[in-house]
Amino acid sequence: RASEAIIASASTVVVGVLTLLLSVFPSTRGLGLASAVGVVVAALGVLVLLPGALVVFGRWIFWPQVPREGQQVLSESRSLWRRIGDTVARAPGVSILATLGVLAAMAFGLTQTVSGLPPEDQFLDTPEAITASERLAESFPAGTSDPVVVVTRTDDAAVVEELAERVGDVEGVTSATAVEPVEGIGQVQVVLVADPGSDASADTVAEVRDTLEGESETYVTGGAATSADESAGYVRDRWVVMPLILVLVLGALMGLLRSVLAPVILVTSVVATFAAALGVSWWLFTGIFGFSAIDASMPLLAFLFLVALGVDYNIFLITRTLEEAKVHGTREGVLRALGATGGVITSAGILLAAVFAVLGVLPLVVLAQIGVVICIGVLMDTLVVRTVLVPAIVRVLGPTFWWPRKVEPVEQAGQAGQAGQAGRAGRADDQEPVVVSG
């Protein structure tokens, strides 16, 4: 019975990570492909290897809590999660407003975020190369350690000198030195006033490129230019990959639930979780960790993992709700589903948050930031959104939650069928009276 949820969960994650193949960065594309292969292998292990192990070892594999026949099932018990669900059910509207208020307050940090870490802030511990660069910047222009290079195809030194003069007049350029052409390639070494990787250096690089626009086979490279191009690439990836992830995940949920409204609500809740996690993480980055900005690659990766993993928890809760709704109705079904799956979802969420939190001990700031955002997002999704917000919405909407699909308890459907038969029998009786003797 769990195979449908497992396959749907694995499929959405695989489809989500495969969207990274559209990235302009080879490392990001490799991450997407490797993650997809890993999830497929894990799903096969869960569906093939794990059932075999359970059969071989029997119920004693769960020792010391060995399940017994006739034992009360979770959906019937008064577990912690069922009690939380009952509390939400008493005032679902208040629960929705309170949860959305908390998420909105956490997401406020998004209005303050600054993207793009300079090279000196990309390590938790400052390496020797960064220390030397900072010391050099104290006595010389900041761009001395990593000059911008203008490369052009020419054998004429006068052409290189002319390019150096034009570049030297650009605001933000300290010096532009022509280098004698070698084997048909000329260079201009350009020292900027701004630190490499800063917004000011990116603006100066853009002005240099505008100045040289129209020059045949002339290019601007170097650390500052590479950083500017990377930032542009990350912006492009966010605009291309992130919407595609949402569309594919939404389509997968619609196919699984055969519904429109429910997938839209679930995906929106995941996006709200991401916004809240990123917003509150910004305050942690600046107030506690002392980071000056967020790495340009971090939002895309954090969004991908939070959406894919958040949808997993949605699938676990809502597929069980759908099963229960066919017997007990949607409003009661979501409470029974929460009681049955709350422990599993919470355990998985806490374990996953701990795994990503480990990234915080690695020397690269981008990995630490990804770990913090995903850790917070998974905990919020597990403990707040999946436990309070989604059940409250289902309680308010009732059967409308599955629109346009119709989900009715079997008993009600049977009663409706019996009522229809009785009505037809009544019409037949009107035409031809039936006498019943004692």
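Let's start with helix H10 (residues 298-328) and helix H11 (residues 330-357), which pack at about 155° with 7 Å between their axes. Since angles over 145 degrees count that way, H10 runs roughly antiparallel to H11. As for handedness, the crossing of H10 past H11 is right-handed. Keep in mind throughout that this is a predicted model.

Helix H1 (residues 3-18) and helix H2 (residues 26-57) cross at roughly 170°, and their axes come within 8 Å. H1 and H2 are therefore roughly antiparallel to each other too.

Next up is helix H8, which covers residues 223-257 and has 35 residues. From first C-alpha to last it reaches 49 Å, close to the 51 Å expected at 1.5 Å a residue. H8 still has a bend in it, about 25° at arginine 238. Just after H8, arginine 258 takes a positive phi of about 50°.

Glutamate 183 has a positive phi of about 55°, although it is not a glycine. Look for glutamate 183 in the loop between strand E2 (173-182) and strand E3 (185-192).

If you're checking omegas, there are two cis peptide bonds to visit. One runs from tryptophan 63 to proline 64, with omega near 15°, and proline 64 sits in the loop between H2 and helix H3 (80-90). Another joins tryptophan 403 and proline 404, where omega is about 0°. Proline 404 lies in the loop between helix H12 (365-397) and H13.

The protein chain has a mean pLDDT of 84, with 86% of its residues at 70 or more. Among the chain's elements, helix H4 (residues 92-107) has the highest mean pLDDT, 94, while helix H13 (residues 410-431) has the lowest, 46. Over residues 413-438 pLDDT stays under 50, and for that stretch the model has two contacts beyond four places in sequence.

Definitions and conventions. Residues numbered from 1 in each chain as written. Predicted model: local features only at pLDDT ≥ 70, side-chain atom pairs only at ≥ 80, totals over all residues. Heavy atoms only, no water. pLDDT = per-residue confidence, 0-100. Helix = DSSP H or I, 4+ residues; strand = E, 2+ residues; numbered from the N terminus. Contact = heavy atoms within 4.5 Å. Expected span 1.5 Å × (residues − 1). Bend = angle between axes of the 7 residues up to and from the residue. Axes fitted to C-alpha atoms, helices over the stretch in contact; angles between N-to-C directions. Parallel < 35°, antiparallel > 145°, perpendicular 65-115°, else oblique. Left-handed = near helix turned anticlockwise from the far one by under 90°.
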